[in-house]
Amino acid sequence: CREIVLCTPPDKNGNIHPAILFAAQLAGVSKIFKAGGVQAIAAMAYGTESIPKVYKIFGPGNQYVTAAKQLVSLRDVAIDMPAGPSEVEVLADASANPVFVAADLLSQAEHGVDSQAMLITTSEKLQAEVMEEVDRQLAKLPRREIAAKSLENSKLILVKDMDEALELTNAYAPEHLIVETENYLEVAERVINAGSVFLGSLTPESAGDYASGTNHTLPTNGYAKAYSGVSLDSFIRKITFQEILPQGMKVIGPAIEEMAANELLDAHKNAVTVRLNTLK
């Protein structure tokens, strides 16, 4: 990317936080525009007098931003993936600390009213303790109204064993998956569908948001079954080049002719035949 454009909504005073500006400068951002939401997606997809049309749009958002990204990606611009609203699943057994689990669920719930926090556990005792702990911690949160609304979309699910827990997890394909089990490394090896996996009781999802090094833009709403999170590779296009020398044409030419003939594509076959005829 020779030019990187950043759209970010300003605060109520029309300012962008200095940390965002510094991070943008560090990342080599070329232009910054004070715009966010669906309008920023439209501006980058189609271009305006001030905001250029881009080749690819990156970044998470609420349900409206995600819908806008999917809409413009049908014809006008590429996107990284459907990313938002945010979600977390905690996969836990009886060894998990209910205080940690509740904190993990609430850290996701405070994102927005359409966020989702899920607990899948093999322990009925843990399920009950987490429910109590969520209520206790929620009462102390400044964003408790948002978190409480989000919890209406959330669930605490009791399963019979870890096999059932993993089957349900892989079907849900969570954006963030926290594995708080006694044998978390063994459990993690059986995870097939997830955006990013957090291993053990000391690895909260907020570490991935801010400091542990993984990218924060991840597939949501089950799209982890088909998409990966943003990485450096997301910003790279790959072009293939090939050259066939005389000996190479003699070796693979007959195979190309045979395959083209079987597809009834005579012009494809002839493109090889006329070359082989000059090499006899």
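This is a predicted model: local features need pLDDT of at least 70, side-chain atom pairs count only at pLDDT 80 or more; totals for chains, interfaces and linings use all residues.
Alanine 117 counts as buried, at 3% relative accessibility, and its place is strand 6, residues 116-121.

- Not counting residues up to four places away in sequence, alanine 117 touches Val88, Leu105, Gln108, Ser154 and Lys155.
- Proline 174 is 57 residues from alanine 117 along the chain, and the C-alpha atoms of the two are separated by 9.6 Å.
- The loop between helix 4 and strand 6 holds glutamate 110.
- Glutamate 110 is partly exposed, with a relative accessible area of 29%, while alanine 117 is buried at 3%.
- Leaving aside neighbours within four places in sequence, glutamate 110 is in contact with Arg143, Ile146 and Ala147.
- Between the C-alpha atoms of glutamate 110 and serine 228, which are 118 residues apart along the chain, the separation is 24 Å.

**Threonine 169 in helix 7**

- Helix 7 spans residues 162-172 and includes threonine 169.
- With a relative accessible area of 0%, threonine 169 is buried, because buried means under 20%.
- A polar contact of 2.7 Å links the side chain of threonine 169 to the side chain of glutamate 89.
- Isoleucine 192 lies 23 residues from threonine 169 in sequence, and the C-alpha to C-alpha distance is 8.8 Å.

**Serine 150 in helix 6**

- Look for serine 150 in helix 6, which covers residues 144-151.
- Serine 150 counts as buried, at 0% relative accessibility.
- The side chain of serine 150 reaches a backbone atom, the oxygen of serine 115, at 2.8 Å.
- Ser115 is also one of the residues that serine 150 touches, together with Ala109, Gly112, Val113 and Gln116, when residues up to four places away in sequence are not counted.

**Helix 2 with helix 3**

- Helix 2 (residues 37-46) and helix 3 (residues 63-72) have axes that come within 8 Å and cross at roughly 20°.
- Helix 2 is therefore roughly parallel to helix 3, since angles under 35 degrees count as roughly parallel.
- The crossing of helix 2 and helix 3 is right-handed.
- Helix 2 brings Gly37, Val38, Ile41, Ala45 and Tyr46 to the contact, and helix 3 brings Tyr64, Val65, Ala68, Lys69 and Val72.
- By class, the residues of the contact of helix 2 with helix 3 are eight nonpolar, one polar and one charged.

**Helix 4 with helix 5**

- The axes of helix 4 (residues 98-109) and helix 5 (residues 124-138) come within 8 Å, with a crossing angle of roughly 55°.
- Helix 4 and helix 5 are therefore oblique to each other.
- This crossing of helix 4 and helix 5 is right-handed.
- On the helix 4 side, the contact is made by Pro98, Val99, Val101, Ala102, Ala103, Leu105 and Leu106.
- On the helix 5 side, the contact is made by Leu126, Glu129, Val130, Glu133, Val134, Gln137 and Leu138.
- The contact of helix 4 with helix 5 has 11 nonpolar, one polar and two charged residues.

**Backbone details worth a look**

- Most residues other than glycine have a negative phi, and most peptide bonds are trans.
- Glycine 84 and proline 85 are joined by a cis peptide bond, with omega about -5°.
- Proline 85 sits in the loop between strand 4 (78-79) and strand 5 (87-92).
- Asparagine 221 has a positive phi, near 55°, and belongs to the loop between helix 9 (205-210) and helix 10 (246-262).
- Asparagine 221 is exposed, with a relative accessible area of 61%.
- Leucine 264 has a positive phi too, near 60°, and is found in the loop between helix 10 and helix 11 (266-278).
- At a relative accessible area of 71%, leucine 264 is exposed.

Technical notes. Residues are numbered from 1 along each chain as its sequence is written. Side-chain values use heavy atoms; hydrogens and water are left out. Helices (H or I, at least four residues) and strands (E, at least two) are DSSP runs, numbered from the N terminus. Buried means under 20% relative accessible area, exposed over 50%, partly exposed in between (1.4 Å probe, protein chains only). A polar contact is a pair of N or O atoms within 3.5 Å; within protein, one must be able to donate a hydrogen and the other to accept it, and residues adjacent in sequence count only if both atoms are side-chain atoms. Contact means heavy atoms within 4.5 Å. Axes are lines fitted to C-alpha atoms, for helices over the stretch in contact, and angles run from 0 to 180 degrees between N-to-C directions. Angles under 35 degrees count as roughly parallel, over 145 as roughly antiparallel, 65 to 115 as roughly perpendicular and the rest as oblique. A crossing is left-handed if the near helix is turned anticlockwise from the far one by less than a right angle, and right-handed if clockwise. Ala, Val, Leu, Ile, Met, Phe, Trp, Tyr, Cys and Pro count as nonpolar, Asp, Glu, Lys and Arg as charged, and the others, Gly among them, as polar.
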